[in-house]
Structure formats: C-alpha cells, structure tokens
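Subject: A structure for you to explore

Hello,

Here is the structure I promised to pass on. Please open it beside this email, and then read on for what turned up in it.

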Amino acid sequence: MRLRNLEKYKTGGSGNNLTLGIPLPKTPDGRVYRYSPNEDAHPRLFLLGDRVSDFALPEALTSRMTHAPGTPGTVCPYSGVLDDDENFTHPDDLAAAKEIVAHAFHADAAAAIHGMFDDLARKNAGNKSFKVTTGARPSPKPAPRFARNDLLRELVCDECGRDYGVYAISLFCPDCGAPNIHLHFAREIALVREQVELAGQLGSERRELAYRMMGNAHEDVLTAFEATLKTVYLYKATTRPPDVAATKPVANDFQNIERGRKRFAEFDFDPFGTLTADALAVLTLNIQKRHVIGHNLGVADAKFAEHAAEARLGETVPLVGDDILQFAAIGQLVIDGLDGWLAAGEAPPPTKDRLSIPLIAPPAKKKPELKIGELGPLAIRIGLWVSEQSQKGFDCFIPEQDLIEAFPESNIDDLAFAVAELESDGYLRTSSMISTRLPRMFTTAELFITFDPHTGQSTPKRTWWRWSILLSANLGPGPSMRKNCMRPPAGRFDASIHLSPTWCRRSTIDGSFMEARKTIHHAAF
C-alpha cells in the first residue's frame with residue numbers, strides 16, 4: 001500500500017517502515033513550544049524561536065556561555081538543566097503529532113481501499129454476471145490545526161542572538177545557557193519608562209490618574225526587583241549540596257536590604273556591595289516609599305515621615321518621573337551584579353537603551369528644631385555651647401569676649417537679649433558692669449541639667465554607671481564612729497545628679513547601718 005500522505009513527513013526508512021518527522025506547531029510569531037524535563041522548573045513551558053538574522057554569532061564560546069549555540073541540546077531557562085532536544089517536547093505537541101499521523105494514515109488507507117475497488121471494477125468491466133460500480137472518491141477530511149500562543153515576555157539573547165519566550169522571569173538562554181536575568185529587568189524598566197512618559201503627557205485636569213500611573217510604575221520597579229532577587233536566591237538554594245540545611249521560607253525578605261543581604265550571605269555574596277552610599281540611600285528610600293504607595297494609598301505614615309525629608313505625616317508622598325527612573329537604574333545595577341555572579345563573575349554586556357539617570361542622593365532628614373521652654377533660637381544655641389565647652393559642668397564664668405567670638409553672626413544687642421532670656425529662665429546669673437557691653441555671666445546648675453542631655457554630656461546610662469561605682473567602692477560594711485560622707489570620683493560634674501542623695505555610713509553601739517541623706521552640693525563628677 002502506498003502511503004502518499006505519510007511519506008510527506010518521511011525522514012528515513014522505506015516501504016512500510018518509515019521514519020517520520022512531524023513539524024511542531026508554531027505560534028503566530030514563529031516560535032515552538034518547549035517543555036522542561038525538570039519537574040521542579042516551574043512553569044516548565046517556554047518558547048524557542050530562530051536566531052535573529054543580523055546577529056554575528058561568535059566563533060567560540062564566550063565566558064558566559066555554557067553550551068555551544070546551534071548544536072544539539074537545549075538548556076532549561078528556569079533551572080539551567082541541559083538535556084537532549086527530544087526531551088523538551090511539549091506533551092501537547094506529542095498529542096498533535098499523533099493526530100497528524102493518524103489523519104494522514106486514515107487518508108492513505110481510504111485512498112488505498114477506494115483504489116482496490118477501482119481496480120476490481122476495471123477487471124470486471126466485461127463480466128455480464130458480476131458488475132462493480134464505484135462512486136466518486138470522498139473528499140479528504142481537513143488536516144488538523146493546532147493553536148499555539150506567544151508568551152508575554154519575549155527576549156533575544158545578547159550572547160547568541162537566539163529568540164525565545166518565557167513566563168515572567170527565567171535565568172538562562174535556552175540555546176547557549178548564558179545568564180539572562182539582566183535582560184528581564186531591562187525589559188521591566190522599558191515598560192516602566194513608557195508608563196512614566198504616558199503619565200507625563202496627561203494634563204493637569206487628570207493629575208489624579210497621572211499620580212496613579214506613576215505609583216503603579218514605582219511599584220512595578222520594586223516588584224520586578226524583589227522577584228528577581230528571590231528567583232536567583234531560590235535557584236542557588238536548590239543547587240546546594242543535599243547535606244546543607246533546608247532553606248527557610250523567603251516571605252518578603254527581599255523587600256528589605258539588610259534581610260536580603262543576610263539571605264545572600266549564605267553564599268558569601270552581597271548583591272548591594274557595589275553600590276555607593278548615595279545609591280544605597282536612594283534604593284532604601286524607594287523601598288520604603290513602595291510600602292506607602294502600595295498599602296497606604298500614597299499617604300505618608302509616621303514610619304516613612306521619620307526617614308524621608310520631603311514627607312509630611314498624613315500628606316500624599318510626591319512622585320517624580322526622574323526619581324522613579326533613578327530607582328530603576330539603581331535596581332538595574334544590582335541585577336547586573338547578580339547576573340555576573342551567576343556567570344562566575346563575568347558581567348553582562350550593556351543592554352540597549354540603557355537608562356542613564358544622574359544620581360541625586362535623597363535630602364537628609366532635618367532634625368526637628370530644639371525647643372526649650374520659651375527660649376529663642378539664639379538663647380538655645382548659647383545654652384548648648386556652654387554645655388559643650390564647660391570642663392567642670394557647674395558654676396562657670398562666661399567671658400564676654402568668648403561669647404562674642406563664638407557667635408560672630410550675632411550683634412551685641414541680640415546676644416544681650418538672649419542672655420536676658422537665659423537669666424529670666426534661671427539658666428544664668430548676671431551682674432551688670434559699666435565697662436562691659438554684656439553683663440558678667442555665671443551658669444547655674446539648671447543650665448547643665450537642661451542642656452547636657454542634648455549635647456551628650458549627661459545620659460541616664462552614664463549617671464547610673466557613676467553611681468554604681470560610687471556605691472560599690474564606698475558603701476561596704478564596717479564600723480566607724482564618724483560620719484563618712486562620700487564624694488564621687490573626679491571628673492566633669494554630672495548635673496543630672498545635682499539633687500542626688502549623699503550617701504553616708506554611720507556606726508552605732510548595736511552595729512552599723514546605711515543612711516541616705518539628701519543634700520544640695522556641687523560635687524566634681
């Protein structure tokens with residue numbers, strides 16, 4: 001029996017023993033389905049196209065390649081597993097091939113049977129007692145057709161020029177095996193840039209929509225950034241030796257720089273190690289901003305307002321297109337570093353249309369202006385200056401010339417008014433002198449009690465430490481017939497204990513006991 005339809009797919013063999021090659025169904029863009037043999041390489045499905053026509057394929061493997069492009073074998077883009085091409089055949093394509101073969105065979109069998117009766121009719125054409133009549137040959141059934149869809153993420157490997165498509169994020173080129181995550185992130189950035197441009201084209205009457213589009217673009221940057229870090233980390237975790245402890249659930253660790261660093265420290269790698277301090281500050285601020293945009297409708301909460309200089313509690317966080325693109329560009333630097341790490345340190349080539357945004361460090365959060373009672377700014381600055389300059393920490397005489405030289409931008413009248421404020425609130429004692437422009441000035445203990453905590457000269461920890469030494473050194477048991485009032489060790493006076501108890505040890509006929517007596521004293525501390 002002649003199998004004319006099946007012979008169209010013949011690649012070898014003869015007679016009834018044919019070797020067939022069934023072409024795989026293609027997507028509208030000419031790609032074929034591939035299915036990873038690695039059951040853990042979710043989602044397993046990817047598409048493979050042709051090499052772009054204008055790409056110059058290198059004569060030898062580059063340092064980033066793990067498989068010679070164009071040779072037998074395919075690399076799983078999700079797990080990096082290399083296997084024979086036939087092991088990547090999609091189950092749907094196997095079913096389609098069987099259906100194509102069945103259709104062709106049925107057509108050949110129908111034609112053969114019809115031909116047998118045609119021959120029988122011709123042979124008995126002159127037989128008056130036996131007549132065979134055949135009808136018209138039946139129309140063949142339509143050949144089966146199979147729909148294949150392109151995936152959203154289409155890439156061209158910048159090492160071998162192979163066109164392919166994947167779901168979301170993949171790690172490697174299926175032809176040459178080179179890491180390609182930098183291409184994924186670059187595509188995300190291109191989409192973000194288009195969103196920013198579209199939002200910028202909206203007029204002022206649609207500013208709410210523009211803000212929403214900007215917010216979505218900003219969220220997309222961090223979503224892609226976090227997903228890429230997570231994908232690379234999980235890939236590395238699955239390729240560790242089996243005797244290594246199991247990986248803890250990742251959760252949202254890669255929404256935080258320090259937690260992300262801790263994760264990659266398991267492999268002695270810091271994905272943020274190449275960033276400058278300014279770039280790291282921009283990245284940190286934008287990660288915090290994403291929480292506000294995604295979970296708080298763009299309204300600054302207390303935590304974000306504490307760190308961002310431009311944010312005000314309860315107000316909408318400003319979104320600027322250049323800031324979003326700067327965030328994306330810094331993310332690309334981190335992803336390029338990850339890509340190079342996967343390639344044993346060989347950095348990827350720069351992508352086309354790479355973002356080049358000047359790095360502008362976020363403004364530092366200004367400390368809130370210090371308020372002390374009703375004192376004016378100059379009076380507060382003088383109080384802080386005295387606290388910092390004092391060597392004793394009590395009863396200091398302030399020379400007029402020292403004060404004038406310390407505040408050269410202030411005139412005598414302003415200084416005199418500030419001194420009067422400090423005296424009025426009990427921080428200074430003054431006496432007027434005819435020969436001086438400012439009165440004679442002496443500090444009070446209240447000045448140091450109030451200002452020392454702001455200059456670091458007095459802290460609760462320091463005070464308790466001093467008193468613990470004092471008590472342990474001088475309050476041990478032992479009879480004595482005289483009062484032993486102890487003073488703290490020498491050093492700067494700690495005004496925070498100006499009204500602290502003086503500890504005394506007394507002895508009686510029955511024995512000894514400890515008594516605390518409060519006194520007002522100026523002890524050199």
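Let's start with the whole chain. Among contacts (heavy atoms within 4.5 Å) between residues at least 6 apart in sequence, 62% join residues at least 24 apart. This is a predicted model, in which local features need pLDDT of at least 70 and side-chain atom pairs count only at pLDDT 80 or more, while totals for chains, interfaces and linings use all residues. Residues are numbered from 1 along each chain as its sequence is written, and side-chain values use heavy atoms, with hydrogens and water left out.

The chain has 13 helices and 14 strands; these are DSSP runs numbered from the N terminus, with helices being H or I of at least four residues and strands E of at least two. Of its 525 residues, 40% count as buried, meaning under 20% relative accessible area with a 1.4 Å probe, protein chains only.

Now for the interior. In soluble globular proteins, nonpolar side chains tend to be buried together. A nonpolar core here is a set of buried Ala, Val, Leu, Ile, Met, Phe, Trp, Tyr and Cys residues joined through side-chain atoms within 4.5 Å. The largest one has 44 residues, and Phe 225 and Leu 229 are among those with the most contacts inside it. Helix H4 (207-238) is one of the helices that each supply at least two residues of this core, and H4 gives the most, with 12. Apart from this core lies another, of 25 residues, including Leu 375 and Met 441.

Which residues does Phe 225 touch, leaving aside its neighbours within four places in sequence? They are Phe 185, Phe 272, Leu 283, Gly 331, Val 334 and Ile 335.

Next, have a look at Arg 263, which is found in helix H5 (residues 257-264). Is Arg 263 buried or exposed? Arg 263 is buried, because its relative accessible area is 8%. Its side chain makes a polar contact with the side chain of Asp 253 at 2.8 Å, and also reaches the backbone oxygen of Pro 249 at 2.6 Å. A polar contact is a pair of N or O atoms within 3.5 Å; within protein, one must be able to donate a hydrogen and the other to accept it, and residues adjacent in sequence count only if both atoms are side-chain atoms.

Enjoy exploring!

Best wishes

Conventions:
Buried < 20%, exposed > 50% of the residue type's maximum accessible area, 1.4 Å probe, protein only.
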